[in-house]
Amino acid sequence: MGERSRVIYFQVLGLQAGELYLWTATSVKRFLRNFLIGPFSSQSHSRETCSAARASSNMASVSSGFPFNLPVASLLLILLLCLHSGGGQKKKENMLVEKVDQMMEWSSRRSVIRMNGDKFRRFVKAPPRNYSVIVMFTALQPQRQCSVCRQANEEYQVLANSWRYSSAFSNKLFFTVVDYDEGADVFQQLNMNSAPTFMHFPAKGKPKRADTFDLQRIGFASEQLAKWIADRTDVQIRVFRPPNYSGTIALALLVSLVGGLLYLRRNNLEFIYNKTGWAMAALCVVFAMTSGQMWNHIRGPPYAHKNPQNGQVSYIHGSSQAQFVAESHIILLLSILNTNASWEACIHYFPYMISRINQCEACIQ
Amino acid sequence: MAEHHSVSDSKHKASAVNIGASLSGNGRSSPAGTVGSSPTGALSTGIAQPAGWQSLLSFTILFLAWLAGFSARLFAVIRFESIIHEFDPWFNYRSTHHLTINGFYDFLNWFDDRAWYPLGRIVGGTVYPGLMVTAGLIHYVLNLLHITVHIRDVCVFLAPVFSGLTSISTFLLTRELWNQGAGLLAACFIAIVPGYISRSVAGSFDNEGIAIFALQFTYYLWVKSVKTGSVFWAIGCCLSYFYMVSAWGGYVFIINLIPLHVFVLLLMQRYSRRVYIAYSTFYIVGLVLSMQIPFVGFQPIRTSEHMAAAGVFALLQAYAFLQYLKDRLTRQEFQTLFFLGVSLAAGAVFLTVIYLTYTGRSTLYAKIHIPIIASVSEHQPTTWVSFFFDLHILVCTFPAGLWFCIKNINDERVFVALYAISAVYFAGVMVRLMLTLTPVVCMLSAIAFSSVFEHYLGDDMKRESPPIEDSSDEDDKRNSGNLYDKAGKVRKHVSEQEKTEEGLGPNIKSIVTMLMLMLLMMFAVHCTWVTSNAYSSPSVVLASYNNDGSRNILDDFREAYYWLRQNTEEQARVMSWWDYGYQIAGMANRTTLVDNNTWNNSHIALVGKAMSSNESAAYEIMRSLDVDYVLIIFGGVIGYSGDDINKFLWMVRIAEGEHPKEIRESDYFTPQGEFRVDKAGSPILLNCLMYKMSYYRFGEMQLDFRTPPGFDRTRNTEIGNKDIKLKHLEEAFTSEHWLVRIYKVKKEENRDPLVHSPRSSSSRQKYTSKKVQDPPRFSNGEL
């Protein structure tokens, strides 16, 4: 299967004769590794293995490994032998083809190519290139404690997969990732001191200012990334998110659980008519809403704020336009106390509420 | 059901005597100062002759609540003057004006060629006409009686007058739900609660002002029709619903809440003929009536938000049919039929739900992603502070009222509980929906307060012969702590409670009453304070206060709009950002390109593109749109933060959405991703049309000796481009504090001068001499 697709790929590329030699050599060695060494070797694609493969006889590997590919392979071999002599001056193009090929192969395995410093310099920085590369600089190791990186990585994976499995997939665009712990030298080289960062390395020339994705302003949703990529490379990616079934499954579980419980207790369904239970449930909704849980849900504020200077933890936000989660928990508690305790008890808590509202009013003024 | 019902009815009657007693407390707490109505005298006689005094008292209290609500809303009119104070209602005013001059049918067919030039707008088919028709009708009746008022005054005072009607309908609804005392308290609450005042001050001529009345009245009639099961009340409910549909888009809340109520009643096995009659009548007549509004049209049978009503209608018919069959068939036959029916119905419901979620998601997606919708600040979730700010102690007491309602459930209390839960959810999601929450909060708080007062204010005479049913509320109230998990009450227990009740002593009673009254007093003070400071500051005029407390009024907006009205030709077209479209049309009576009815995103994007391009590119756009004048709002002189430079990023964003090749948001930021107007700002920003028009000749102006010339007070920076030359525009008018600046778009010269020809210098001379001839109006800001 690999062979046929490579042939088509070959035609699409429209490679010249000199490139053909190299192409054949790499394809042969790829087959060798994939089918003979591949299962035994680890994920690291070391160049030594490749060169060893090249050193060993092409003929032997083809004939022994792929008898079913023999006609095609021998045809290629003939071509290879014919062109062997005239390929010297096109070394640069050879290199390019080799690189494209290597990149294609990696991206056929994983939609996002992991890179270390060497690979980055060789495949992204080094000049002969006819493809664009999107690089995410990140720090995914757990000890770095970068939660944003993880979220950004998920979005990036969604985008890369959408590209990988789209019908427009070609060798014009690759998605790669450089982790700080694997390529700290790259970070230093690019003068980069924050992660995650998305950069676009265009096919020609150096990256400009707009080739760095403005994470702070736009966010890292994959749709935004796709828009930015379309802007920079003219490659349109339609983001396809894998549907999230977890909510549905949880709901189904809940429904079946409740249904099961009801079924088990079908002889004694009195508790459904218990007004207290329903009243409790209604009050829960009301308290949750009036204490601003919906705001927390939509805006996602921090639980509390710790002042970096004096280490004071403040649970109540200074302005009336925002709040912390802790704040709404306090309010939740207070209002429950207010309502459920007898009417006398609520009076003790009102001074607090009043002082708080006075503070807010002062803020507004 | 019927049995349950009569019990609750008799309860109301039995406790009627008690209400007279609790009224004195209510009266004192109401801000109108019912204190003057001699409560003690009324009370002593009231016991002797309950019915007459009671109705007189409730009438008085309702009247005073109306008066208090009306006068609390007049701050803006008294401090400034009797005009429409907000910007958006200028459109409503303009169309009301059109209605009174040209008549109703002409209004329905009105094609407004003054808006959305060159497209125009069909106004009659794209507005909810209820507000205009109401105001027009009042104006017509008054003039028929030879009371000659201007339509403007009718518009200004419409919302305060309707607040009185709202409090009356709230009274009626709460009386149906609980009792008369609670109703009166609810009426007082809603008259002054800030959450409702925010949308109904005098001078804010907005749909919500009359819609809340229609909402409450529809609910009252619905509850009434469910209680009585008479077609008469159901038809009344439909008519009120029709009025609501004609007034506000929030009618969707009604058409979902009432079916929900019916559905929950079915689930609770509270189905009865009354519910069947009420809902069938309401759904059919209400549907037909709501489709009479041109703007609504066929939406009720097409869109997903109306589908719940249709589904519940079908379900109710099926349920009634099953009930009918149950009487006719044997048990075995009925069971098979039932299972068949249920499985079919389940399949149908499943398919509809899938369909609805599918269609619903796309609209939700659009709502999130269109920048125009995101740019409106009202579409934000609510913090607890705004709950407390708008409702004050009611937000703490209304859960208690909800508790009482659920504990003593009946058909109509199911309704109010559902209303409370759904409204509190929507209010949590979006700030502006606080408005729909406010009435139910008032009603439930009134129920809570009323039961407390009933408990602690009841005089001992009445205690001796308490009606048996009556005790259930108080019983709960008294030891709310201990009784929560008791399923049913035992009669013996009640009598025990009565004994402890007598031991409560007058001291505790009076202390608790005093504290309750203090709370209510604080509520009244808070309401007045909020109304006065937060909700009564008009946006048409700006007020600033000096150190000695004297007030300056900056009347730049009206100054500029009257300049436009007086000094430009009748058909002149004014380009501005969409926020100011209604005002220009209403106050200046000139044609606008875009306005607050943001129906055409691409047209707005075109204006945004013109504002964010450089001058020559913008000139092309302006010429293609026949623009004569450009109006911008600039706050840099006085430090007004809502000006166009601060809104500018939204213009860029909206323009980028439609023209991604020409306009890029990132071009307007510094490399560090900041939006700056000083020297470090991006050069594209510093040369775009909006920047140039805002800061034209601002660099020459030194506001203060401590700051350099060209110091922007809003953004607290010195501007980056002080030497601004305009080629295709000329300054036509700048208001006193530079708040409004108007530029005239020059007509094209005969031919574009060639750059290298010798004649070009002469034309440039001519250009400068023109500027000297007609100097723009400047004055130093006094602030």
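Chain A has 16 helices and 6 strands. Keep in mind as you look around that this is a predicted model. Of the 365 residues in chain A, 40% are buried. If you take the contacts in chain A between residues at least 6 apart in sequence, 67% of them join residues at least 24 apart.

An unreviewed UniProt entry gives the feature "transmembrane region" for residues 245-264 and 276-296 of chain A. What does the model show there? Residues 245-264 of chain A are 95% helix and 0% strand, with 28 Å between the end C-alpha atoms. For residues 276-296 of chain A, the figures are 90% helix and 0% strand, and the end C-alpha atoms again sit 28 Å apart.

Now over to chain B, where you'll find 35 helices and 11 strands. Chain B runs to 783 residues, and 55% of them count as buried. Among its contacts between residues at least 6 apart in sequence, 72% join residues at least 24 apart. UniProt has a label for part of this chain too: in an unreviewed entry, residues 573-630 of chain B are listed as "domain: STT3/PglB/AglB core". That span of chain B is 52% helix and 12% strand, and its end C-alpha atoms are 9 Å apart.

Time to zoom in on a pair of helices. In chain B, helix α13 (residues 231-247) packs against helix α15 (residues 273-290) at an angle of about 35°, and the two axes are 8 Å apart. The crossing of α13(B) past α15(B) is right-handed. On the α13(B) side, the residues making the contact include B:Val231, B:Ala234, B:Ile235, B:Cys238 and B:Phe242, while α15(B) brings in B:Ile277, B:Thr281, B:Phe282 and B:Val285, among others. What kinds of residues make up this contact? They split into 14 nonpolar, 3 polar and no charged.

Is B:Thr281 buried or exposed? B:Thr281 counts as buried because its relative accessible area is 13%, and the cut-off for buried is under 20%. Leaving out residues up to four places away in sequence, B:Thr281 touches B:Val231, B:Ala234, B:Ile235, B:Cys238 and B:Gly286.

That brings us to the cysteines. A disulfide is a covalent bond between the sulfur atoms of two cysteines. How many disulfides are there over all chains? The count is 0, where a pair of sulfur atoms has to be within 2.5 Å to qualify. Take B:Cys238: the closest cysteine sulfur is that of B:Cys237, and at 5.7 Å it is too far for a bond. B:Cys238 is also buried, since its relative accessible area is 0%.

Last stop: B:Trp384, in helix α20 (residues 384-391) of chain B. With a relative accessibility of 2%, B:Trp384 counts as buried. Look for B:Gly428 as well: 44 residues separate it from B:Trp384 along the chain, yet their C-alpha atoms are 8.8 Å apart.

Key. Residues are numbered from 1 along each chain as its sequence is written. Chains are lettered from A and ligands numbered from 1 in the order in which they are written. This is a predicted model: local features need pLDDT of at least 70, side-chain atom pairs count only at pLDDT 80 or more; totals for chains, interfaces and linings use all residues. Side-chain values use heavy atoms; hydrogens and water are left out. Axes are lines fitted to C-alpha atoms, for helices over the stretch in contact, and angles run from 0 to 180 degrees between N-to-C directions. Helices (H or I, at least four residues) and strands (E, at least two) are DSSP runs, numbered from the N terminus. A crossing is left-handed if the near helix is turned anticlockwise from the far one by less than a right angle, and right-handed if clockwise. Contact means heavy atoms within 4.5 Å. Ala, Val, Leu, Ile, Met, Phe, Trp, Tyr, Cys and Pro count as nonpolar, Asp, Glu, Lys and Arg as charged, and the others, Gly among them, as polar. UniProt positions are given in the numbering used here, feature names are shortened, and annotations may be inferred rather than shown by experiment. Buried means under 20% relative accessible area, exposed over 50%, partly exposed in between (1.4 Å probe, protein chains only).
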